[in-house]
Amino acid sequence: MTAHPYAGKRIVLTSKHEKLKLIKPAFDQYLGCDLFEENLDTDQLGTFSGEIERTAPPRETAILKARLGMNSTGLKIGVASEGSVSPDPVIPFVNSNIEHLVLVDDENQIVISEVYRSFDITVATITTSPGKDISEFLQTADFPNHGLIVRPNAEKKNDCVKGIRDLDSLNNAIAASSRISANGLAVIESDLRAHFSPSRQKNIAIVAKQLAVRASRLCPSCQMPGWGRSGYEKGLKCSTCKLENPDAIRQAKTSCDNCNHILLGQVLAKELDPANCQFCNP
Ligand SMILES: [Zn+2]
Ligand SMILES: [Zn+2]
């Protein structure tokens, strides 16, 4: 058996927020590559706390970040992540953390990517003023295990004090923010940068494992890394009324982005249960 193309390879992780320790273990285990961190300012591509708006979609932003590290080191393979925490796109009133991780491989002209969505994320925000009892909020925010940001209460997110992890700094920041705020109020919110958010760290480690596993698998047709689950074949007929639901899952699909080779997995269902039929059970 020939060695995996990434075994022993130097691969650069562009990161500002100490993500190497979250991502490297899975890359060591599944790829045996030499992943190292290139600490670069990626704020030009947008910031987590929102002072600089992100313009590109998250996967594209991650690719741009990976290229920053590749350009600065001269290496052909780079990794970067891009995450967001926001109200879930599907489920109302729930926050979700979506983590994208990409591996850009210019030696083979491929990009391998993974995404992980989790509801396991500690995020909280409150508007307050100096001297107010915020102990309940601090518990919800899991402070000081999770870091906080304080800023004046204004539409524009300016004058942020970030990375707060102790009560003295928190109280000082509330006082300072309230002094320069037009209405005397300060906003406290979770600092969701990876190094201040242990719940996000867990999710980054999970997407790192997903990506490392995908990259470790070679396409059976073209031998490129990145062979993995790519979605589902859909469309099932109801066993009672025989009408088709085009969204019902029939079987898993594994495919290669490079050569488009596709392999269909085990059939998960042949017919639709009338209980799930939009016509029999609307
Ligand atoms: Zn292929
Ligand atoms: Zn039916």
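Select Gly32 to begin: this glycine follows helix α1 and has a positive phi, near 65°. Helices here are DSSP runs of H or I with at least four residues, strands are runs of E with at least two, and both are numbered from the N terminus. The model is a predicted one, in which local features need pLDDT of at least 70 and side-chain atom pairs count only at pLDDT 80 or more, while totals for chains, interfaces and linings use all residues. Residues are numbered from 1 along each chain as its sequence is written, and chains are lettered from A and ligands numbered from 1 in the order in which they are written.

**The whole chain**

Of the 282 residues, 32% are buried; a residue is buried if 20 or more other C-beta atoms, placed from the backbone, lie within 10 Å of its own, exposed if 12 or fewer do, and partly exposed in between. Two residues are in contact if their C-beta atoms, placed from the backbone, lie within 7 Å. Among contacts between residues at least 6 apart in sequence, 61% join residues at least 24 apart.

Colour the chain by domain, with bounds that come from an automatic or database domain assignment. Domain 1 covers 10-120 + 195-216, domain 2 covers 125-190 and domain 3 covers 229-276. The C-alpha centres of domain 1 and domain 3 are 30 Å apart.

Select residues 20-30, which form α1; its buried residues are Leu22, Ile23, Lys24, Ala26 and Phe27. Their cover includes β1 (10-15), β2 (34-39), β3 (77-87) and α5 (198-216).

Two packed helices are described by the angle between their axes and the distance between the axes. For α1 and α5 the packing angle is about 25° and the axes are 8 Å apart; axes are lines fitted to C-alpha atoms, for helices over the stretch in contact, and angles run from 0 to 180 degrees between N-to-C directions. The two helices are therefore roughly parallel, the term for angles under 35 degrees. On the α1 side, Leu22, Ile23, Ala26, Phe27, Gln29 and Tyr30 make the contacts, and their partners in α5 include Gln201, Ile204, Ala205 and Ala208.

**The cores**

Which residues have the most contacts inside the largest nonpolar core? Select Ile23, Ala66, Val79, Val102, Leu103, Ala208 and Leu211, which hold that place in a core of 30 residues. Elements giving two or more residues to this core are β1, α1, α2 (58-73), β3, β4 (95-105) and α5. The most comes from α5, with six residues. A nonpolar core is a set of buried Ala, Val, Leu, Ile, Met, Phe, Trp, Tyr and Cys residues joined through C-beta atoms within 7 Å.

Centre on Ala66: beyond its neighbours within four places in sequence, Ala66 is in contact with Thr14, Gly78, Val79, Ala80, Val102 and Val104.

Return to α5 and pick Val207. Val207 counts as buried because it has 24 C-beta neighbours inside 10 Å. Residues up to four places away in sequence aside, Val207 touches Glu99, Leu101, Glu114, Val115 and Tyr116.

Val111 is in strand β5 (residues 110-118). With 17 other C-beta atoms within 10 Å, Val111 is partly exposed. Its contacts, leaving aside neighbours within four places in sequence, are with Ile63, Val102 and Val104. To Glu244, 133 residues away in sequence, the C-alpha distance from Val111 is 35 Å.

**Backbone details in the loops**

Which peptide bond is cis, with omega near 10°? Select Phe143 and Pro144: the bond from the former to the latter is cis. Pro144 belongs to the loop between α3 (135-140) and β7 (148-152).

Proceed to Asp159, in the loop between β7 and β8 (161-164). Although not a glycine, Asp159 has a positive phi of about 50°. Asp159 counts as partly exposed, with 15 C-beta neighbours inside 10 Å.

End at Lys242, in the loop between β10 (228-238) and β11 (244-255). Lys242 is not a glycine either, yet has a positive phi of about 65°. Is Lys242 buried or exposed? With 11 C-beta neighbours inside 10 Å, Lys242 counts as exposed.

Conventions. Parallel < 35°, antiparallel > 145°, perpendicular 65-115°, else oblique.
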